[in-house]
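Biologist: I'd like to learn how to read packing, sheets and chain contacts in a model. Could you walk me through it?

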Amino acid sequence: MQDKLQEVVRKLLAEGAVDYFIGYCQSSQPYRAVPCFVSDESEVGKLVWGPLCGQNLSKYVLRANELDGKVGILLKGCDTRAVVELIKQHQIERDKIVAIGVPCQGQVDHRKLGKILGVSLEQVTSVQDVGDEFLVTVGEETKKVRKEEVLLDKCFRCKHPSAFGYDVTLGDVVPFTVDADAGEYAAVEELEALPIEERRAFWRKQFERCIRCNACREACYACYCKECLFERKTPRWLAAPPLLSENEMYHLIRAVHLAGRCVDCGECERVCPMNIPLGSLYRKIQKDVAELFDYEAGMEMDTVPPLVNFELDDQDPFM
Amino acid sequence: MADNIYLPSMATVKEVRPETPDTSTFVVTFDDPTLRESFTYRAGQFAEMSIFGVGECPIGIASSPTSKGFLEFCVRAVGTVTNAIHDLEVGDKVGVRGPLGNSWPIEEIEGKDLLFIGGGIGLPPLRSLIRYVLDNRDRYGAVEIVYGARSPQDLVYKDELREWDERPDVSFYVTVDVGDETWDGPVGFVPPFLKEINPSPENKVAFTCGPPIMIKLVVDALEEMGYADADIVTTLEMKMKCGVGKCGRCNIGDKYICRDGPVFSFEQLRKIPGALEV
Amino acid sequence: MDRKKISKSDLGQWLDKIAEEYELIGPTEEDEVVQFRPVRSSSELSLEYANSLVPPKSLFFPPVEGLFSFQKRGEEIRLEQIKPLEKDRVVVGIRKCDVESLLLLDKVFCEDLVDASYKERRDRTALIGLACPTPPRSTCFCTSFGIDPLSPEGSDILLTDVGKDYLVDVATKKGEELVALADDLFSKLTEKQAKELQPPPVHMPEMDLSELREKLEALWEDDYWEKLSLPCLGCGICTYVCPTCHCFDIADVGSTSDGVRYRCWDSCMYKDFALMTSGVNPRPTKRERVRNRYFHKFSTFPSRYGTGYACVGCARCLVHCPGGVEITTVLEDILAKEGGSGG
Amino acid sequence: MVSGSDSPGNGFEPKILVFACNWCSYAGADLAGVSRLQMPPNCRVIRVMCSARVRPEFVITALSKGLDGVLVLGCHPGDCHYSEGNYFTRRRGLLLRKLLEFVGIEPERFQVRWVSASEGAKFAETVEQVTEQIRALGPNRPRSEVLGTEPGDR
């Protein structure tokens with residue numbers, strides 16, 4: 001599939017169909033692939049595709065707005081949802097993007113991989129997808145790791161392993177083979193079951209740790225505001241010092257702003273250096289949006305987002 | 001613990017003088033009588049004004065070190081802190097941390113002729129030096145002042161402008177971008193106005209402060225007239241927080257504007273990568 | 001310099017002794033994040049660690065730090081300074097790269113106008129270094145900056161893991177005082193014994209950075225920065241995990257009548273970092289911000305403070321950058337450029 | 001806007017922020033006032049043109065900065081001056097309550113009610129009731145937390 005990807009991109013560049021192509025390339029660290037921006041045919045050979053391409057590249061397409069031409073982008077099924085939302089939220093025109101869809105067999109969660117192997121990740125030299133397992137090379141040794149042990153959480157609830165609405169596809173839509181028994185909202189439900197004081201204690205511990213590096217915001221496809229509320233000076237919403245109450249405000253406001261927009265791409269958790277389970281926070285909102293308003297973000301082009309919509313008979317506990 | 005370089009001293013607003021619709025002069029004195037007496041600074045330095053609960057803002061000291069016992073700040077209400085400063089009334093408290101930064105080269109320019117070119121709210125930092133020079137008149141040569149603002153009501157220090165205009169030992173020129181019925185003086189931007197006046201570069205140092213675009217065009221004009229980069233001096237504006245060269249905000253090249261500046265000659269600026277891009 | 005050893009099983013006892021008199025701080029792991037934190041007992045420490053996520057600069061230049069509080073009483077506003085420390089402190093387990101970073105930060109905070117709270121924290125904190133394991137992490141590249149990860153320089157004591165014991169190098173008077181708290185736990189080594197225990201020098205891939213600065217400075221106008229800025233997301237991770245970054249913000253929390261003025265970390269990678277109220281931004285796009293960061297580390301910091309490069313090769317930014325910008329790759333790219341041809 | 005209280009227990013008087021829509025609830029509050037109905041003095045009312053003007057961040061910020069509760073009042077569904085504003089309020093209110101509860105903030109601290117211009121008595125009752133509930137819960141967070149407990153010690 002990697003060969004086909006390179007072939008397609010080479011053609012797009014040769015035809016001048018895109019200014020540059022956003023894909024993945026191998027980093028200096030063998031355990032991960034990193035974003036790669038290819039504008040010249042000579043660089044096409046760098047492009048890779050495999051189980052280390054978990055990052056959602058959608059945020060990078062916004063840059064196309066500054067270009068005369070188009071950008072090409074490699075999209076997994078999950079990433080497609082973010083692009084659908086960006087188009088729906090009028091952040092980018094569909095015709096600014098050349099989408100290359102890729103059928104995905106699940107992506108590796110580095111943290112899980114490191115834990116399972118019991119070695120630091122830097123010692124991992126390659127990861128290969130062989131059906132239900134990954135072949136992981138650590139030093140001289142090759143280990144078999146079952147996919148369900150190391151896949152990203154989002155992969156277990158993946159509804160669209162293959163991209164949709166693409167311009168070019170790299171392969172047939174392959175059914176997803178991992179079948180782990182994880183409830184769609186298991187992590188959220190676990191927290192919901194706790195007494196309220198314990199929930200507060202749990203989240204306060206998480207928020208207290210936050211250093212407010214803003215990576216969750218910057219990595220989030222949905223945080224495209226030209227001026228973020230948190231950067232506004234008059235009135236100033238958020239004080240700069242990362243105190244507990246300010247951090248709490250930051251994360252809660254971000255959560256409500258993601259209502260009906262979060263596509264569960266998992267970037268927030270991936271990038272958080274402090275391991276804050278942000279996904280659970282946004283999943284909670286997703287769950288409520290689904291239950292209360294029967295809406296799921298990024299799935300269809302023509303449904304109305306839940307918070308700019310209403311039904312006369314919506315639940316009303318406020319009488 | 002040794003002195004806290006981030007701790008302001010308390011001061012009281014003694015007088016508020018509206019200069020233009022959005023700019024006022026605030027005259028403040030330190031509450032501590034010892035500090036009031038001992039506080040010294042050099043023309044061109046600035047201070048961080050604090051409105052507690054709102055924040056700090058670097059403001060050039062507009063008064064001259066030759067007037068003792070009080071400090072003047074000319075503040076335009078543009079941001080959060082400057083708007084809060086504008087809410088101050090006589091008797092209110094304000095924090096002052098300073099003096100900070102370098103200063104105009106007051107020793108080096110002794111005996112020279114001086115040309116001041118100010119635009120809008122760029123006059124107050126120059127005014128500190130102008131007053132210093134006028135208070136030490138015998139140490140300096142001829143003084144020329146060229147000043148411009150968007151409109152007649154945007155001219156600051158209106159009384160003082162009149163005084164400079166009347167002084168025989170000062171050549172004073174003023175222009176506005178757009179005139180009105182009260183205005184019978186020249187109309188036009190500062191740079192072409194300056195070219196019309198065409199002050200000779202002979203034994204002269206030019207000081208300029210104003211909006212970035214004005215500074216750029218003024219410098220072009222001065223160079224056309226034959227001024228050397230070393231003889232064109234400006235005071236830079238940059239986002240500052242700490243004021244003591246540590247917080248990393250106001251750097252250009254290896255200089256921190258708050259510590260190594262804000263006063264630089266163009267000769268210095270040309271050597272710093274990126275300095276003239278701003 | 002005294003060389004001793006202490007058995008691993010006794011280390012805890014010694015550290016607990018220290019904890020009785022000092023605030024003991026060391027690497028602790030919680031929710032899979034290793035951080036330097038104060039501990040009550042040595043059992044909370046995880047000394048078998050690679051390196052902490054947030055560098056121990058946070059102990060001297062904290063992420064959030066109250067400078068003073070203010071309170072309005074009638075017409076008066078009272079300012080009260082906030083004490084940086086209650087007790088003298090001992091930091092155990094600090095790596096050489098981070099020690100080195102403190103020496104760089106000392107230039108910023110302890111010279112020219114002295115930052116009193118930083119200085120007080122430095123003066124009242126003893127450092128017990130921990131030599132790096134062999135092999136080091138594959139990302140480490142401190143030796144490229146001439147740093148020896150086994151050197152006690154800058155620490156008061158250096159511990160080196162030598163199997164069932166730690167080799168103990170006591171480098172300063174302060175170090176001697178700490179050892180004296182439980183002298184009987186240590187056995188003195190002869191020069192020869194110590195030499196036998198001393199692990200061989202650490203080898204890691206090394207870059208020749210001697211021409212880096214010159215080559216970098218020639219690249220001010222280069223397109224490279226545009227390219228480099230593409231994957232950058234504009235978050236602050238690289239600067240927050242960097243042991244030598246020292247940018248900060250000053251901000252008030254509370255109301256005009258009751259509040260605290262804080263100093264907190266800030267990042268030059270944020271788009272509003274240098275934005276002026278007038279709307280002018282000297283570093284308006286990621287291109288200028290990324291460039292500024294590299295220039296700061298490898299050109300302007302060294303030139304301002306007369307030091308070597310302001311990077312210690314810890315590779316935290318490399319590991320944690322969510323956009324996959326890798327400092328080693330950047331340095332290689334710069335070195336690969338033809339000198340002086342940028343523009 | 002610092003609040004928070006360090007005196008839990010019997011002496012605790014909550015600070016509650018009320019957003020009232022200009023067309024119904026604010027008029028209702030007015031009516032309660034001119035009718036001289038007795039109400040606890042714990043509420044500060046901010047008039048908004050529509051309850052839908054109350055963005056979720058208003059509520060979150062108020063609670064984070066130490067207020068003990070937030071009450072949003074709007075026209076009854078169907079009565080919105082702008083036809084449908086309060087339907088949006090309703091959706092947001094539902095979501096926000098659940099989110100706050102999820103992170104451990106008692107749902108009583110954020111409430112939404114519909115109060116019409118003629119319901120002076122309902123306004124008074126609502127305020128009374130909400131104040132009681134929040135008083136019973138105790139302070140939302142202490143002042144020291146809003147200002148940062150241990151500065152320089154993290």
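Biologist: Start with helix packing: at what angle do helix α1 (residues 25–34) and helix α4 (residues 120–137) of chain D pack?

Modeller: In this predicted model, local features need pLDDT of at least 70, side-chain atom pairs count only at pLDDT 80 or more, and totals for chains, interfaces and linings use all residues. Residues are numbered from 1 along each chain as its sequence is written, while chains are lettered from A and ligands numbered from 1 in written order. Helices (H or I, at least four residues) and strands (E, at least two) are DSSP runs, numbered from the N terminus. For angles, axes are lines fitted to C-alpha atoms, for helices over the stretch in contact, and the angle runs from 0 to 180 degrees between N-to-C directions. Here α1(D) and α4(D) pack at about 90 degrees, with their axes 7 Å apart. That makes α1(D) roughly perpendicular to α4(D) (angles under 35 degrees count as roughly parallel, over 145 as roughly antiparallel, 65 to 115 as roughly perpendicular and the rest as oblique).

Biologist: Which residues make the contact?

Modeller: Contact means C-beta atoms, placed from the backbone, within 7 Å. From α1(D) you get D:S25, D:G28, D:A29, D:L31 and D:A32, and from α4(D) D:G120, D:K122, D:F123 and D:A124. By class that's five nonpolar, three polar and one charged (Ala, Val, Leu, Ile, Met, Phe, Trp, Tyr, Cys and Pro count as nonpolar, Asp, Glu, Lys and Arg as charged, and the others, Gly among them, as polar).

Biologist: On to strands. Are the residues of strand β5 (residues 71–76) of chain B buried or exposed?

Modeller: Buried means 20 or more other C-beta atoms within 10 Å of a residue's own, exposed 12 or fewer, and partly exposed in between, with C-beta atoms placed from the backbone. Six of the six residues of β5(B) are buried, so the strand is largely enclosed by the rest of the structure. In a regular strand the side chains alternate between the two faces of the sheet. Here B:L71, B:F73 and B:V75 point one way, and B:E72, B:C74 and B:R76 the other.

Biologist: What is the bridge partner of B:V27 in β5(B)?

Modeller: Two strands pair if DSSP finds at least two bridges between them. Strand β2 (residues 23–30) of chain B has six bridges to β5(B), running antiparallel, and B:V27 partners B:E72.

Biologist: And how do I read a whole sheet, say the open one of six strands in chain B?

Modeller: The order is β9-β8-β7-β10-β11-β14, with mixed pairing. β9 (170–176) and β14 (263–265) of chain B each have a single partner strand, so one side of each lacks a neighbour in the sheet. The twist averages 15 degrees from one strand to the next. A parallel pair is β7 (residues 113–119) with β10 (residues 204–209) of chain B, joined by six bridges; B:I117 partners B:T208 there.

Biologist: Last one: which chains make the most contacts?

Modeller: Among the five pairs of chains that touch, it's B and C. 40 residues of chain C are in contact with 35 of chain B. On the chain C side, β11(C) gives the largest share, six residues, and the classes are 22 nonpolar, eleven polar and seven charged. By contrast, no contact joins chains B and D, whose closest C-alpha atoms lie 10 Å apart.

Notes
Two residues are in contact if their C-beta atoms, placed from the backbone, lie within 7 Å.
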